[in-house]
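I opened a new notebook page for this structure.

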Amino acid sequence: MTHFFSKLAYSFSIPILGLLTLLFPALVNGCTSAFDYQERKVVTETNISVISKSGSKQSEKALDIFVFNNDKLRRLDSYQRFESWEDGRLGIASCSGEKIVCAIANSGYDRFNWAQVNNLGSIDKITVSLENERPDKCTSCGIMEITAGEYAGDFALTPLVSQVVLRSVRCDFSGQPYEGEKIKDARAYLINVNAECPVNAIKQDYPMRIINNGHLEEGDLDNFICKEIILQNFHEAIGSNVNKCNLEYLCFPNTSQVESPGSPFTRLVLEGKIAGKTYYWSISVGRDNEGCGIVRNCNYIYDLDIRRKGTSDPDIPAGVESVQFKLVVEKWEEKSTYEILF
């Protein structure tokens with residue numbers, strides 16, 4: 001027990017109440033002494049099995065766990081940080097009673113950045129930027145209700161991002177004056193990308209901050225840790241043989257119901273040259289067959305079959321006469337899929 005409370009004093013942090021609360025978090029709930037809360041079992045440990053639900057292998061995980069009282073005010077009860085961890089059982093300390101646990105992995109924040117968190121609602125005001133996301137280190141979050149001291153079971157952490165994949169592409173210009181031409185100097189990228197998201201996003205209907213608004217803006221990529229999550233180049237010309245490129249991109253959700261200048265639809269753009277002239281084949285991600293757009297932690301996989309020259313503007317979706325495609329949509333971690341053919 002002595003070891004437990006020694007470890008507890010090191011792990012807890014409730015910034016608003018200062019050093020006294022760091023040492024005795026149970027005082028938030030009115031306990032008057034260490035003897036008091038030991039005797040009443042106010043401070044307890046709850047075991048949870050943390051499971052990462054990302055579809056890619058994650059590394060260098062830092063995990064922040066917040067415990068809030070499950071009442072009207074939902075005030076912060078305790079906070080712990082694990083600098084590294086593996087999927088499996090963790091012990092989280094808190095006062096007794098009904099609680100709401102929020103866990104955030106790979107946020108890029110250190111423990112001092114969370115000083116403004118004093119209730120569950122304040123978590124919603126903290127956002128993460130796409131510029132800091134990496135394929136092997138995606139920001140993930142989960143929330144669940146528990147009874148402190150009882151085994152809480154599986155706690156799922158799901159990424160805030162979704163993945164867009166250009167799995168394959170080919171071109172067939174049979175019957176056209178430019179039959180036999182290839183698409184050269186090709187590259188593929190995302191435009192109208194939502195680059196900001198709340199760390200506790202359950203459903204994000206609209207983009208918070210747009211990058212590559214209407215076209216590829218090289219300057220928007222300068223602050224990215226991994227530019228390839230937005231832009232990737234082809235190393236050879238695209239011809240009639242299927243190019244299994246498997247280009248993977250990341251973006252935050254965008255399910256705006258109506259497209260407008262402030263909330264454009266996120267698009268996957270293939271750019272390339274035919275006979276020296278640049279064309280664009282653009283697809284609004286997740287919008288086909290009455291789709292709602294990009295939903296958190298989903299995988300949008302495209303196979304493209306280019307039949308005609310594209311448009312002169314990357315923000316104009318290509319018509320079915322120019323490009324036919326197959327779309328596979330799946331939960332990133334669960335691999336349950338459905339296909340849409342065009």
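The entries below record what I looked up, in order.

**Entry 1: the model.** I noted before anything else that this is a predicted model.

**Entry 2: salt bridges.** How many salt bridges are there? I got a count of 17.

I began with Asp-77, which forms a salt bridge with Lys-99. The closest N and O atoms of this pair are 2.9 Å apart. I then looked up where the two residues sit: Asp-77 is in strand β3, residues 76-82, and Lys-99 is in strand β5, residues 98-105. The pair therefore ties together parts that are 22 residues apart in sequence. Are Asp-77 and Lys-99 buried or exposed? I found Asp-77 buried, and Lys-99 as well.

Next I took Glu-83, which forms a salt bridge with Arg-81, again with a listed distance of 2.9 Å between the closest N and O atoms. I checked the accessibility of each partner. Glu-83 has a relative accessible area of 52% and is exposed. Arg-81 has 15% and counts as buried, because the cut-off for buried is under 20%.

I also looked at Asp-136, whose side chain meets that of Arg-134 in a salt bridge of 3.0 Å, N to O. Asp-136 is partly exposed, at 28% relative accessible area.

Which residues are linked in a network of salt bridges? I wrote down Arg-170, Asp-172, Asp-305 and Arg-307.

**Entry 3: Thr-139.** I turned to a loop residue. Thr-139 lies between β6 (127-129) and β7 (140-147). The side chain of Thr-139 makes a polar contact with the side chain of Glu-133, at 2.6 Å. Leaving out residues up to four places away in sequence, I listed what Thr-139 touches; among them are Ile-104, Asn-106, Val-128, Glu-133, Thr-158 and Leu-160.

**Entry 4: nonpolar cores.** As background, nonpolar side chains in soluble globular proteins tend to be buried together. I looked up the largest nonpolar core here and found 71 residues in it. Which residues have the most contacts inside this core? They are Phe-234, Tyr-302 and Ile-306.

I followed up on Phe-234. With residues up to four places away in sequence not counted, Phe-234 touches residues including Leu-166, Val-169, Ala-186, Cys-245, Leu-247 and Leu-270. Arg-187 and Asn-243 are also among its contacts.

I then noted a second, separate core of 16 residues. Its members include Val-50, Val-67, Trp-85 and Leu-157.

Conventions. Residues are numbered from 1 along each chain as its sequence is written. This is a predicted model: local features need pLDDT of at least 70, side-chain atom pairs count only at pLDDT 80 or more; totals for chains, interfaces and linings use all residues. Side-chain values use heavy atoms; hydrogens and water are left out. A salt bridge is a side-chain nitrogen of Lys or Arg within 4 Å of a carboxyl oxygen of Asp or Glu. Helices (H or I, at least four residues) and strands (E, at least two) are DSSP runs, numbered from the N terminus. Buried means under 20% relative accessible area, exposed over 50%, partly exposed in between (1.4 Å probe, protein chains only). A polar contact is a pair of N or O atoms within 3.5 Å; within protein, one must be able to donate a hydrogen and the other to accept it, and residues adjacent in sequence count only if both atoms are side-chain atoms. Contact means heavy atoms within 4.5 Å. A nonpolar core is a set of buried Ala, Val, Leu, Ile, Met, Phe, Trp, Tyr and Cys residues joined through side-chain atoms within 4.5 Å.
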